[in-house]
Amino acid sequence: MELTAMFGSIGLCVAAIVAAAVIYFVVTAIKGKKAERKERAMLKQHRDQQGKRARR
């Protein structure tokens, strides 16, 4: 195998690994924000319910 072809193959593999890592971190960040938003909504709902009980 020629040296430049070998480096080209290695470069493609490294690029694919880097692209997969970037996609993984982006998806993880999006899921984390979605979970955080959901948690905030649940906490707000809980506080609202506690406030209604305290008013009674």
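1. In this note a residue is called buried when its relative accessible area is under 20%, exposed when that area is over 50%, and partly exposed in between, with a 1.4 Å probe and protein chains only. By this scale arginine 40, at 53% relative accessibility, counts as exposed. The model is a predicted one, in which local features need pLDDT of at least 70 and side-chain atom pairs count only at pLDDT 80 or more, while totals for chains, interfaces and linings use all residues. Residues are numbered from 1 along each chain as its sequence is written, and side-chain values use heavy atoms, with hydrogens and water left out.

2. On the overall fold, the chain has one helix and zero strands, where helices (H or I, at least four residues) and strands (E, at least two) are DSSP runs numbered from the N terminus. The chain's radius of gyration is 24 Å, well over the 10 Å that the globule rule gives for 56 residues, so the chain is more spread out than a compact globule; this radius is taken over C-alpha atoms, and the rule is 2.2 Å times the number of residues to the power 0.38. Along its principal axes, the C-alpha trace spans about 80 × 10 × 5 Å.

3. On burial, the share of buried residues among the 56 in the chain is 0%. The accessible surface of the chain is about 5,500 Å², and 67% of it belongs to carbon and sulfur atoms; such areas come from the Shrake-Rupley method with a 1.4 Å probe, and for residues only the protein chains shown count as cover.

4. On salt bridges, the term stands for a side-chain nitrogen of Lys or Arg within 4 Å of a carboxyl oxygen of Asp or Glu, and by this rule the count comes to two. In one of them glutamate 36 pairs with arginine 40, with the closest N and O atoms 2.5 Å apart; both residues lie in helix H1, four residues apart, about one turn of the helix. Glutamate 36 is partly exposed, because its relative accessible area is 42%.

5. Aspartate 48 also forms a salt bridge, with lysine 44 as its partner and 3.3 Å between the closest N and O atoms. Aspartate 48 and lysine 44 both lie in helix H1, four residues apart, about one turn of the helix. Aspartate 48 counts as partly exposed because its relative accessibility is 38%, whereas lysine 44, at 52%, counts as exposed.

6. On surface patches, these are made of residues with over 30% relative accessible area and no salt bridge, where like charges are joined within 9 Å and nonpolar side chains (Val, Leu, Ile, Met, Phe, Trp, Tyr) within 5 Å. A nonpolar patch of about 820 Å² has among its members Leu3, Ile10, Val18 and Ile30. Valine 18 lies in helix H1 and is partly exposed, with a relative accessible area of 48%.

7. Lys31, Lys33, Lys34, Arg37 and Lys38 form a positive patch, where Lys and Arg count as positive and Asp and Glu as negative, while His and the chain ends are not counted. Lysine 33 has its place in helix H1, which covers residues 3-55, and it counts as exposed because its relative accessibility is 56%.

Key:
Charge placed at Lys NZ, Arg CZ, Asp CG, Glu CD.
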